[in-house]
Amino acid sequence: ANNTHIVVPNSSFLEKNVLNWTLSDSVVRSTVRVGVAYGSPVKRVEELMYKVAQNTDLVLKQPAPVVIFEDFGDNSLVFDLYFYAQIKNVLELKKISSQIRFQIDEEFNREGIVIAFPQRDVHLDQLKPFKVELLSNN
């Protein structure tokens, strides 16, 4: 697409799966991952992700998209949306993934589902209360 050539060492062919963008089928599978806050309605999260995939142009109906509740993560409940698309180049796949993320964000906002961010709960074990002061810079 950018008229560039990538050189892959022979050892990489033995160690890894290599995707050949020039010779392989134009149908590819991709994933969009999203983490939602603990306490989110997980069945609704799944439904909305299916809805977004089904309403996104260039996402194939067959093979059908799949939503997986992947993990109870450190900061979020992790969901993966696997989908298939027929594409001409890598940039087109990135655009489809971006479109899916925009739509997920919009749907979740509408329903009050929070996309999680890293956070920590800090618990202080104190035998007696400690003093907190608010100071002004004036």
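E106 pairs with R110 in a salt bridge whose closest N and O atoms are 3.3 Å apart. This is a predicted model, and it places both E106 and R110 in helix α3, 4 residues apart, or about one turn of the helix. E106 is partly exposed at 41% relative accessible area, while R110 is exposed at 54%.

K51, E106, E107 and R110 are linked in a network of salt bridges. Within it, K51 forms a salt bridge with E107, with 3.3 Å between the closest N and O atoms. K51 sits in helix α2 and E107 in helix α3, so this pair ties together parts 56 residues apart in sequence. K51 is partly exposed at 35%, whereas E107 is buried at 7%.

A search of the whole structure finds 8 salt bridges. One of them joins D80 and R33, with the closest N and O atoms 2.7 Å apart. D80 belongs to strand β3 and R33 to strand β1, 47 residues apart. Here D80 is buried at 2% relative accessible area, but R33 is exposed at 52%.

## The nonpolar core

Now for the nonpolar side. The largest nonpolar core has 23 residues, and M49, F79, F83, I100, I104 and F108 touch the most other members. β1, α2, β3 and α3 each supply at least two residues of this core.

V34, in strand β1, counts as buried because its relative accessibility is 8%, under the 20% cut-off. Beyond its neighbours within four places in sequence, V34 contacts residues including M49, F79, I104 and F108.

Methods: Residues are numbered from 1 along each chain as its sequence is written. This is a predicted model: local features need pLDDT of at least 70, side-chain atom pairs count only at pLDDT 80 or more; totals for chains, interfaces and linings use all residues. Side-chain values use heavy atoms; hydrogens and water are left out. A nonpolar core is a set of buried Ala, Val, Leu, Ile, Met, Phe, Trp, Tyr and Cys residues joined through side-chain atoms within 4.5 Å. Buried means under 20% relative accessible area, exposed over 50%, partly exposed in between (1.4 Å probe, protein chains only). Contact means heavy atoms within 4.5 Å. A salt bridge is a side-chain nitrogen of Lys or Arg within 4 Å of a carboxyl oxygen of Asp or Glu.
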